[in-house]
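Visitor: I'd like a close look at a single part of this model, please, and then at what surrounds that part.

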Amino acid sequence: MVDEPKLRNEQLGYALLRAVVGVNLMMHGVSRMITGPGEFAAKLVMQFEHVPLPAWSVWVFGLILPATEGLLGLLILVGLRTRAALVAASLLIMLLTFGSALLQDWNLTGTQLAYAFVYSVLIFLHQYDGWSIDAWIKRH
């Protein structure tokens, strides 16, 4: 039999980490949407002008990124389709790491590695997702 207080602590820890990660990712997107996706995309194009990527691809990525971050962050925050959202966020951080490596911004790639690690931990510990919309749907 599972020790109930221990399970509650594991579920609480998972829920809090999931919520913090969700708020963080969601606010990346929301803050960029507030300033305007076009403005963000234009800054990104300037930042990437000396790397071997077509400017149009950086522009399109910059337009799509804020909404993607906002949506994935919200899904992770509320715990809806949590595993899929975490996998998608992991793939997104892989793309962002690729871009940062092209810029040779090793401090940023290190930060992105920390994000990737936390996403992986949340996927690994997904069995403790007891306080989420996913868990509620599973119970009902």
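Visitor: Which residues in H1 are buried?

Guide: Happy to show you. First, a word on the ground rules: this is a predicted model, in which local features need pLDDT of at least 70 and side-chain atom pairs count only at pLDDT 80 or more, while totals for chains, interfaces and linings use all residues. Residues are numbered from 1 along each chain as its sequence is written, and side-chain values use heavy atoms, with hydrogens and water left out.

Now to your helix. H1 covers residues 4-35 (helices are DSSP runs of H or I with at least four residues, numbered from the N terminus). Its 32 residues reach 46 Å from the first C-alpha to the last, close to the expected 46 Å (1.5 Å times one less than the number of residues). The buried residues of H1 are Gln 11, Tyr 14, Ala 15, Arg 18, Val 21, Gly 22, Leu 25, Met 26 and Gly 29. Here, buried means under 20% relative accessible area, exposed over 50%, and partly exposed in between, with a 1.4 Å probe and protein chains only. After H1 comes Gly 36, with a positive phi near 105 degrees.

What do those buried residues face? They pack against H3, H4 and H5 (contact means heavy atoms within 4.5 Å), so let's visit each partner.

H3 spans residues 55-78 and includes Trp 59, which is partly exposed at 36% relative accessibility.

In H4 (residues 82-102) you will find Ser 100, buried with a relative accessible area of 4%. Leaving aside residues up to four places away in sequence, Ser 100 touches Asp 105, Leu 108, Thr 109 and Gln 112. Leu 96 is also in H4, and with sequence neighbours up to four places away again set aside, Leu 96 touches Phe 61, Leu 65, Glu 69 and Gln 112. The C-alpha atoms of Leu 96 and Gln 112 are 7.7 Å apart, although 16 residues separate the two along the chain.

Finally, H5 (residues 106-124) holds Tyr 115 and Tyr 119, 4 residues apart, or about one turn of the helix. The whole structure has 1 aromatic pair. The ring centres of Tyr 115 and Tyr 119 are 6.4 Å apart with planes at 40 degrees, so this pair is tilted (rings of Phe, Tyr and Trp, the latter by its six-membered ring, pair if their centres lie within 6.5 Å; planes under 30 degrees apart are stacked, over 60 edge-to-face, the rest tilted). Tyr 115 is partly exposed at 24%, whereas Tyr 119 is buried at 3%.

Terms used:
Helix = DSSP H or I, 4+ residues; strand = E, 2+ residues; numbered from the N terminus.
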